[in-house]
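Please look through the structure below with the sequence at hand. The text after it goes through selected parts, one at a time.

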Amino acid sequence: GLFVTDYFTRTPRKLSPFRSFASIELFHFHIPEDTVIAVWNLITFKEQGGTFGDQCPDRSITVYFRSGAPSVINPLHTHFPRDTAVPGSFALTLTWTLPNRTTGVFNVTSPLPGDWFLAAHLPKDEGKISVKGLYEECQYLFQPQLIVQRLVNIAVLYPGHVTEQSMAPHNRSCLYKVFVPSYTSRVLVEVLRCRGAEGCPLSLRVRAKAPPLHNSTTLDCREHTPCQLAQDLPFWQHWYYVLVEKHPGVPGTVSFQVTVQLTDCSRPSLARPPFLPSSASMNMPHSFGSAGGLALGDSPPPTSPNDTKHPLPIPVTLHTEERCWPVRPTLRNELDTFSVHFYIFFGPNVSVPPDRPAVFVINLLPVLDSGGVLNLELRLNVSSLCGENVTVFGCLNHGVPLTSGDNTSVTCETESLAGFLLSVNATASLSRLRIPYPQTGSWYLSLRSLCATEHGFEPCTNVTAEVYLRAYLSPCINDCGIYGQCKLLRTNNYLYAACECKAGWNGWGCTDNAEAFSYGFQLLSTLLLCLSNVMFVPPVAIAVRSHYLLEAAVYIFTMFFSTFYHACDQPGIVVFCIMEYDVLQFCDFLGSLMSVWVTVIAMARLQPIVKQASVLYLLGAMLLSMALQMDRHGLWNLLGPSLFALGIMAVAWTARTIRRRHCYPPTWKRWAFYLCPGALIAAAAVLLYAFVETEENYFYIHSIWHLLIAGSVGFLLPPRAKPSRRLGPLPRRKGCGYQLCINEQEELGLVDPAVASINSICTS
């Protein structure tokens, strides 16, 4: 056949350590039909500060693959919520082969067509809280690339027609495909008139949706006469691929005929006619995948010696159970994103007769519905059982309804199908099923009632069970509970939802309490973070006593909003918010930085020039508000104004030192008992905040930060000199102008004005 190669790539993205599914990076691909091989090239590289991160440590990267919907992953081995079905997926771990780059390859032979999703993440870390911009972090970037090779012009088989084929010596196989419409209960593929050098040296393989693999359903024509391969309960509205292979080492040309017969379960006594009146009878796509294909409603194309198609009556052995029951549709009601209710006509209470199943269909839209959770709930009306020991079984299958011919069967699985089983009875009248990230398409629910006896389950007589049926699509399982938050995430044009847990809770629905914080621990952490702000009371008292009223007002503002911000910022249930969270956070950050600003400006001793001090206070408030609005967690946006204030203080102290020709402050007591201890306490607080704080120790390390910062303010706040009682009234010259008074006691930075008696010098 003729192969066509397609290439797809995605933009590199930064990977994060795994905490929940909200922290993974999701990539969406689409594989076309008739693809025989798909190769994912997984490129990973390190970056640090805009360059290659050769010094970054090697961290393993895990990649998950799944067809139809995102992978439901559980790398931390947490517990899933009750009644949750976990679909499987492929997983691959990448190891580093070069210092800053590695490449992995993942091959899929004959992949299923449609949507494919890749999820990637780093291992879980220790949860260190780093200050943004303090140092260049190591970034691990991941870029997947997809190369697909697909066949074109695959021969299409039409039900009831015979296709003749001659396989040349250099050929080993022939590939065909046939479209299976709805209400098909059986697909029968048969090889006729096989002639070769050694009898019929052919084998037959059949697979749905994609070309067959080595483990697909196989039949050896040398061992079976006639060579017929049947597929019961095929997937509806899908292509089935037929591969005819020649055994290795067979010389010469092999000629044969191949035909396909479809059994219509809505008319079990009839097979599908060879000539179709219109496209509506088969719901076949307009594009067959082969050039010059048969148009529906037209006559067959002209025959050729090697490829002929003509009607052939095929005897079909029909079984009494090869019939399908009416499928009741559901009404789709979209309320919001991933919030869809499926209503049953004349429901939600449905009657399950004893002699036949009740079948319902739930249609999930492609791409749009695969990022949520499919919920199904069955509730039995016990009063409708009339005292009988009735059990209602429900089978939820994707692609085709599963109705077994055995009335006593309670399984939802066959050789090619696997579904989900639900059951309700008088003892357990409620049953639920949750499927996170379901595959899109048609889901069929088959309900049937059986009576329990000593010999197992048997069909009931004259008992019609009544069941309340509820089916809906939700973003998360139970909205993630009280210890989680349901987040709506987006990757390119694909939306999906995931839970982000808190307070030590884990799991897909935040229901795993193996590492959960107890109520006492949550209360203790909240009290520590809130009550540690009481340490600002001594600095407020010192500021008021020294007549630093503006500074005292800033400290009170900081104490108030820091207390209530941490009361609102708690991850558990011990939470108290007096305002919106964003307002409290902004005021807390602004108060903290303003406390540093006004303290440093006060240490600069600019009070004699009142206008300059007022301008600096107002300038600091405006600069800090702007910095917080730009980036609330940025290092330099917050550190810049603080360094500016320290620069002003350094200039003021240097000017006094030069003017007075001795160090300022001049007394060793001020340095030894106030400035040095205050600076050391503040430095210790900054080191704890920047390098020690993690998510696990946050509540007590941050409480210590509150204590140290408030304590350092009490030491660093300068004293305000009081006028000496020995000083008499100062003479004032007559005339206009201002009188400039210089208090040398204040200039010396003494704590107690009674230590020395120095006259004030006033000049006009």
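**A buried serine and its surroundings**

Ser 532 has a relative accessibility of 6% and therefore counts as buried (buried is under 20% relative accessible area, exposed is over 50% and partly exposed lies in between, with a 1.4 Å probe and protein chains only). This is a predicted model, in which local features need pLDDT of at least 70 and side-chain atom pairs count only at pLDDT 80 or more, while totals for chains, interfaces and linings use all residues. Residues are numbered from 1 along each chain as its sequence is written, and side-chain values use heavy atoms, with hydrogens and water left out.

Ser 532 sits in the loop between helix 1 (519-531) and helix 2 (537-545). Helices (H or I, at least four residues) and strands (E, at least two) are DSSP runs, numbered from the N terminus. A polar atom of the Ser 532 side chain lies 2.9 Å from the backbone oxygen of Leu 528; a polar contact is a pair of N or O atoms within 3.5 Å, where within protein one must be able to donate a hydrogen and the other to accept it, and residues adjacent in sequence count only if both atoms are side-chain atoms. Setting aside residues up to four places away in sequence, Ser 532 touches Leu 527, Ser 703, His 706 and Leu 707 (contact means heavy atoms within 4.5 Å).

**Helices packed against helix 8**

Two packed helices are described by the angle between their axes and the distance between the axes. Helix 1 packs with helix 8 (residues 698-716) at an angle of about 15 degrees, and their axes are 8 Å apart. Helix 1 is therefore roughly parallel to helix 8. Here axes are lines fitted to C-alpha atoms, for helices over the stretch in contact, and angles run from 0 to 180 degrees between N-to-C directions. Angles under 35 degrees count as roughly parallel, over 145 as roughly antiparallel, 65 to 115 as roughly perpendicular and the rest as oblique. The crossing of helix 1 and helix 8 is left-handed, meaning that the near helix is turned anticlockwise from the far one by less than a right angle; clockwise would be right-handed.

Tyr 555, Ser 562 and His 566 of helix 3 meet Tyr 698, His 702, His 706 and Val 713 of helix 8.

Leaving out neighbours within four places in sequence, Val 713 is in contact with Pro 539, Tyr 555 and Thr 599.

Turning to the strands, an open antiparallel sheet is formed by four of them in the order 3-9-6-7. Strands pair if DSSP finds at least two bridges between them. Strand 3 (25-31) and strand 7 (90-94) each have a single partner strand, so one side of each is left without a neighbour in the sheet. From one strand to the next, the twist averages 20 degrees. Strand 6 (residues 61-67) and strand 7 run antiparallel and are joined by five bridges; Tyr 64 has Ala 91 in strand 7 as its bridge partner.

Another open sheet has five strands in the order 11-13-18-15-16, with mixed pairing. Its edges are strand 11 (155-156) and strand 16, each with a single partner strand, so one side of each has no neighbour in the sheet. Four bridges join strand 15 (residues 202-208) to strand 16, and this pair runs antiparallel. Arg 205 has Thr 218 in strand 16 as its bridge partner.

**Backbone details in loops**

Pro 226 lies in the loop between strand 16 (217-220) and strand 17 (227-232). The peptide bond leading from Thr 225 to Pro 226 is cis, with omega near -5 degrees.

Ser 110 and Arg 661 are not glycines, yet Ser 110 has a positive phi of about 50 degrees and Arg 661 a positive phi of about 60 degrees. Ser 110 is in the loop between strand 8 (101-109) and strand 9 (114-121), and counts as buried because its relative accessibility is 5%. Arg 661, in the loop between helix 6 (635-660) and helix 7 (668-692), is exposed, with a relative accessible area of 77%.
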